[in-house]
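This briefing is intended for a reader who meets the structure for the first time. Please keep the sequence and the model in view while reading.

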Number of protein chains: 2
Amino acid sequence: MSLVIVGSLALDTIETPAARRERVVGGSGTYCALAASFFTRPKVVGVVGTDFPEETLRFLRRRRIDLEGLEIRPGRTFFWEGRYGQDPNLRTTLQTKLNVFQDFRPQLPDSYRRADIIFLANIDPDLQGDILRQAVKPRLVAMDTIQYWIETKPQSLRRVLGQVDIFFCNDQEAKMLTGEVNLVRASKKILDRGPRWVVVKKGEHGVLILGRHLAFGLPAKPTEHVVDPTGAGDSFAGGFLGTLDRAGRTTPRLLCQAAAYGSVMASLAIEDFGIERFKTLTTAQVNGRFRLFQKLVSF
Amino acid sequence: MSLVIVGSLALDTIETPAARRERVVGGSGTYCALAASFFTRPKVVGVVGTDFPEETLRFLRRRRIDLEGLEIRPGRTFFWEGRYGQDPNLRTTLQTKLNVFQDFRPQLPDSYRRADIIFLANIDPDLQGDILRQAVKPRLVAMDTIQYWIETKPQSLRRVLGQVDIFFCNDQEAKMLTGEVNLVRASKKILDRGPRWVVVKKGEHGVLILGRHLAFGLPAKPTEHVVDPTGAGDSFAGGFLGTLDRAGRTTPRLLCQAAAYGSVMASLAIEDFGIERFKTLTTAQVNGRFRLFQKLVSF
């Protein structure tokens with residue numbers, strides 16, 4: 001069992017209606033790896049600058065995350081600044097500075113090439129494609145993307161889409177990618193382009209998995225106070241793929257369970273700023289939250 | 001066991017992106033009673049004009065719906081005209097003509113007064129209050145409302161809210177009623193005003209029940225083609241309350257099951273225009289759809 005996660009490690013400045021935090025650790029790869037670390041020993045591919053906190057690297061290693069594929073380069077770490085309004089599903093990007101990510105060409109170390117599962121977080125689809133060319137027969141490939149790549153690199157995105165098993169997106173992205181207003185029709189169009197399953201992350205409305213012979217839905221945990229929604233989707237992917245890696249196979253039943261663990265990790269991540277919640281999180285708490293989800297939907 | 005439904009019986013002209021139907025039978029009371037009739041023998045309170053199809057009255061009776069509380073008055077039946085866009089969750093009201101509903105003062109026939117469950121569909125909150133004064137110790141009272149009453153009769157609405165056990169609403173209504181943008185905080189404020197449970201109907205995003213010691217969620221059935229969304233919420237209420245009436249009691253577990261049967265009836269109602277789908281619907285189909293919902297959320 002092995003899960004390779006290719007994504008960003010970042011410093012984020014985050015503003016919510018309640019507070020502002022400057023240069024906290026974030027990034028799709030960071031959130032995903034931390035969430036996955038409760039289920040398996042993920043391997044990370046990414047790049048940080050010399051300003052990335054040494055303390056965080058120690059924390060990632062303590063969570064038994066393999067950092068062989070992480071480059072530390074002279075310069076500054078990828079930086080993102082965003083603001084959330086009253087609706088945590090909506091955010092405004094105020095600033096993005098690629099910094100050391102600018103000319104990053106991800107390389108799979110030899111020990112990563114035969115990974116069972118590869119997750120391509122929301123980076124440039126051309127880089128996603130590069131990674132797949134370096135991998136040797138992964139059992140499962142999953143990808144995520146963002147509106148920016150749908151708009152600026154539709155051809156590259158389409159090529160990668162044809163090579164993955166699982167496509168993570170939110171409902172707007174699914175509709176934008178296909179021009180369909182109905183989510184089921186949009187998902188079917190995406191399935192026609194290659195993936196076996198589309199996993200639609202709907203924030204406060206939960207998650208929906210659609211495959212050719214599978215439909216599964218789960219509401220989100222009703223939450224009164226979202227501290228920081230950043231990283232919810234990546235934490236979801238981490239819990240999801242970590243579960244599938246631990247299981248060693250992919251059945252419809254396991255996909256549904258993976259979605260539940262993904263929802264668990266997302267619901268936990270948003271309870272504090274940045275990756276803070278993961279610092280005190282225990283496996284017992286993860287399992288407790290899983291039981292809460294079981295109760296939430298059992299009838 | 002007995003369920004009294006107080007609501008409108010209407011003629012609707014409906015326009016969707018795919019088609020237009022003129023003066024088809026609709027109304028909150030009609031949808032709710034038909035959906036409930038698969039679980040119990042509902043009693044209807046309402047009014048129609050002489051233009052209301054005799055054939056529909058025969059159909060309602062054939063479904064063993066008690067029409068003793070239905071007045072037939074000289075004049076025209078309540079009329080509504082609406083248009084749906086590509087997003088079936090959004091609709092525009094083009095015309096409303098109260099007609100015989102204008103000076104309707106609902107009366108509970110003697111045989112209705114000791115009903116176990118009373119459902120006050122989305123009519124004028126003053127009329128909802130009138131009904132409650134005529135009822136003798138109902139086991140359970142549920143109400144629905146619409147944006148129009150929240151805006152025009154907030155005081156009356158608040159009085160009724162203090163007397164009901166279950167409040168049905170959609171997420172916009174919950175937020176508008178309380179001034180809270182977060183659905184959980186909005187629901188808590190509603191619970192503070194009287195109801196024991198708030199049932200939030202979220203259309204394509206499913207349903208959420210929140211009580212002081214209960215949180216339950218269910219996604220909607222993923223649907224490629226919604227023929228006519230009219231009556232989905234009322235059919236939900238009918239399936240929900242029909243289930244509780246059949247059970248004869250209200251436990252947390254039964255509330256969750258009721259929400260599943262409500263979702264089943266809503267998902268069926270939208271498969272055809274107006275009440276058409278109910279004309280061919282069988283109990284076996286209802287139970288089949290229930291199993292589909294079980295599968296949709298089991299992990």
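The model is predicted. A rotation of 180 degrees, with 0.0 Å of shift along its axis, superposes chain B on chain A at an RMSD of 0.0 Å. The two copies are thus related as by a two-fold rotation axis.

**The two copies**
- Both copies use the same surface, since 100% of the contact residues of chain B recur in chain A.

**Overall form of chain A**
- Chain A contains 11 helices and 13 strands.
- A compact globule of 299 residues would have a radius of gyration near 19 Å, and the 18 Å of chain A agrees with this.
- Along the principal axes, the C-alpha atoms of chain A fill a box of roughly 50 × 45 × 35 Å.
- Of the 299 residues in chain A, 49% are buried.
- Contacts in chain A between residues at least 6 apart in sequence include 67% that join residues at least 24 apart.

**An open sheet in chain A**
- Four strands form an open sheet in chain A, in the order 3-2-6-7 and with mixed pairing.
- Strand 3 (20–26) and strand 7 (91–97) of chain A are the edge strands, each pairing on one side only.
- On average, and with direction ignored, neighbouring strands of this sheet are turned by 20 degrees against each other.
- Within chain A, strand 2 (residues 10–15) and strand 6 (residues 78–84) run parallel and are joined by 6 bridges.
- A:Leu11 has A:Phe79, in strand 6 of chain A, as its bridge partner.

**The nonpolar core**
- The largest nonpolar core has 184 residues, and those touching the most other members are A:Val4, A:Ile5, A:Phe119, B:Val4, B:Ile5 and B:Phe119.
- Beyond its neighbours within four places in sequence, B:Ile5 has contacts that include B:Gly29, B:Cys32, B:Pro42, B:Val44, B:Phe119 and B:Ala121.

**A closer look at A:Ala121**
- A:Ala121 lies in the loop between strand 8 (117–120) and helix 3 (125–134) of chain A.
- A:Ala121 has 28 other C-beta atoms within 10 Å; because a residue counts as buried at 20 or more, A:Ala121 is buried.
- Leaving aside neighbours within four places in sequence, the contacts of A:Ala121 include A:Ile5, A:Gly7, A:Ser28, A:Cys32, A:Asp144 and A:Asp234.
- A:Gln102 is 19 residues from A:Ala121 in sequence and 16 Å from A:Ala121 in space, C-alpha to C-alpha.

Methods. Residues are numbered from 1 along each chain as its sequence is written. Chains are lettered from A and ligands numbered from 1 in the order in which they are written. This is a predicted model: local features need pLDDT of at least 70, side-chain atom pairs count only at pLDDT 80 or more; totals for chains, interfaces and linings use all residues. Copies are superposed by least squares on the C-alpha atoms of residues with pLDDT of at least 70 in both. Two residues are in contact if their C-beta atoms, placed from the backbone, lie within 7 Å. Helices (H or I, at least four residues) and strands (E, at least two) are DSSP runs, numbered from the N terminus. The radius of gyration is taken over C-alpha atoms; the globule rule is 2.2 Å times the number of residues to the power 0.38. A residue is buried if 20 or more other C-beta atoms lie within 10 Å of its own, exposed if 12 or fewer, and partly exposed in between; C-beta atoms are placed from the backbone. A nonpolar core is a set of buried Ala, Val, Leu, Ile, Met, Phe, Trp, Tyr and Cys residues joined through C-beta atoms within 7 Å. Two strands pair if DSSP finds at least two bridges between them. Axes are lines fitted to C-alpha atoms, for helices over the stretch in contact, and angles run from 0 to 180 degrees between N-to-C directions.
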